[in-house]
Amino acid sequence: MKAFWNERYKSADYVYGEKPNAFFASKITSLSPGKLLLPAEGEGRNAVFAASLGWEVWAFDYSEEGKKKADRLAKKNRVAIHYEVCDTNDVRYEADSFDLMGLFFAHFPEAVRATYHRKLAAFVKPGGKLLIEGFRKEHLELSRANPQAGGPKDESMLFSLDILRSDFPDFEWEQLEALTENLEEGSFHQGKSALIRALGTKRKQANH
């Protein structure tokens, strides 16, 4: 998969666009800037946008080509981001150290998904926020009809509301919804998409 993403991100164009994800942008603009973590951040569109709002942004992805694009976008927009090339299995941050984490189309193999979600959730402060947008299981049919809709071709990597509730037990959900909407994000998120969007707050007495 690392080779797949390096190949995809190698192009000069930003394959998911330079603008932030619309759901991310709509939510983060109403929050007070703090420390943000963006796992699987790819080409950096969300990281750069958040940094422009005054957030201290930490991001990682296992694609070297993704980091190159993110660094280029940050320079273009005259902002600084902390971006490292790292796998979720190996990433290390202090527990309870981030005010916000954003998981945007961060789909992991089923065998490690719950473990990775719990690990990442532990980095969020009690009272901190979690934003998620990803594809739900019904998206597979849509992406078969329209390959430009993007998303994993393995249904086990796609989300359901119950999966997110189970994987993030320490969060109270202010928003957790399944919806179908048209995406227009670069070349590979185009068209009718089956999505889940979530906004949660970590409980003060979270266990991890």
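This is a predicted model: local features need pLDDT of at least 70, side-chain atom pairs count only at pLDDT 80 or more; totals for chains, interfaces and linings use all residues.
Colleague: At roughly what angle do the axes of helix 1 and helix 4 cross?

Modeller: Helix 1 covers residues 2-9 and helix 4 covers residues 64-76. The contact is made by Lys2, Asn6 and Tyr9 on the side of helix 1, and by Glu64, Glu65, Gly66 and Lys69 on the side of helix 4. The two axes come within 7 Å, and they cross at roughly 35 degrees.

Colleague: How many charged residues does the contact of helix 1 with helix 4 have?

Modeller: Helix 1 contributes Lys2, Asn6 and Tyr9, whereas helix 4 contributes Glu64, Glu65, Gly66 and Lys69. Sorted by class, one residue of this contact is nonpolar and two are polar, while the number of charged residues is four.

Colleague: How is the pair of phenylalanine 4 and tryptophan 5 classed?

Modeller: The structure holds 13 aromatic pairs. In the pair of phenylalanine 4 and tryptophan 5, the ring centres lie 5.1 Å apart and the planes stand at 90 degrees. Because planes over 60 degrees apart count as edge-to-face, the pair of phenylalanine 4 and tryptophan 5 is edge-to-face.

Colleague: Is phenylalanine 98 buried or exposed?

Modeller: Phenylalanine 98 forms an edge-to-face pair with tyrosine 93, at 5.4 Å centre to centre and with 85 degrees between the planes. Ring pairs also link Trp58, Phe60, Tyr93, Phe98 and Phe123 into a cluster. Tyrosine 93 is buried at a relative accessible area of 16%, and phenylalanine 98, with 1% relative accessibility, likewise counts as buried.

Colleague: Which residue has its charged end over the ring of phenylalanine 98?

Modeller: A charge counts as sitting over a ring if, among other conditions, NZ of Lys is within 6 Å of the ring centre. Here the charged end lies 4.8 Å from the centre of the phenylalanine 98 ring, and the residue that carries this charged end is lysine 35.

Colleague: Is aspartate 96 buried, partly exposed or exposed?

Modeller: Aspartate 96 lies in the loop between strand 3 (82-85) and strand 4 (98-104), and its phi is near 55 degrees, a positive value in a residue other than glycine. Since buried means under 20% relative accessible area and exposed means over 50%, aspartate 96, at 32% relative accessibility, counts as partly exposed.

Colleague: What is the relative accessibility of phenylalanine 105?

Modeller: Phenylalanine 105 is found in the loop between strand 4 and helix 5 (110-121), and its phi, near 55 degrees, is positive although the residue is not glycine. Phenylalanine 105 counts as buried, with a relative accessibility of 15%.

Notes
Residues are numbered from 1 along each chain as its sequence is written. Side-chain values use heavy atoms; hydrogens and water are left out. Axes are lines fitted to C-alpha atoms, for helices over the stretch in contact, and angles run from 0 to 180 degrees between N-to-C directions. Helices (H or I, at least four residues) and strands (E, at least two) are DSSP runs, numbered from the N terminus. Contact means heavy atoms within 4.5 Å. Ala, Val, Leu, Ile, Met, Phe, Trp, Tyr, Cys and Pro count as nonpolar, Asp, Glu, Lys and Arg as charged, and the others, Gly among them, as polar. Rings of Phe, Tyr and Trp (its six-membered ring) pair if their centres lie within 6.5 Å; planes under 30 degrees apart count as stacked, over 60 as edge-to-face and the rest as tilted. Buried means under 20% relative accessible area, exposed over 50%, partly exposed in between (1.4 Å probe, protein chains only). A charge sits over a ring if NZ of Lys or CZ of Arg is within 6 Å of the ring centre and within 35 degrees of the ring normal.
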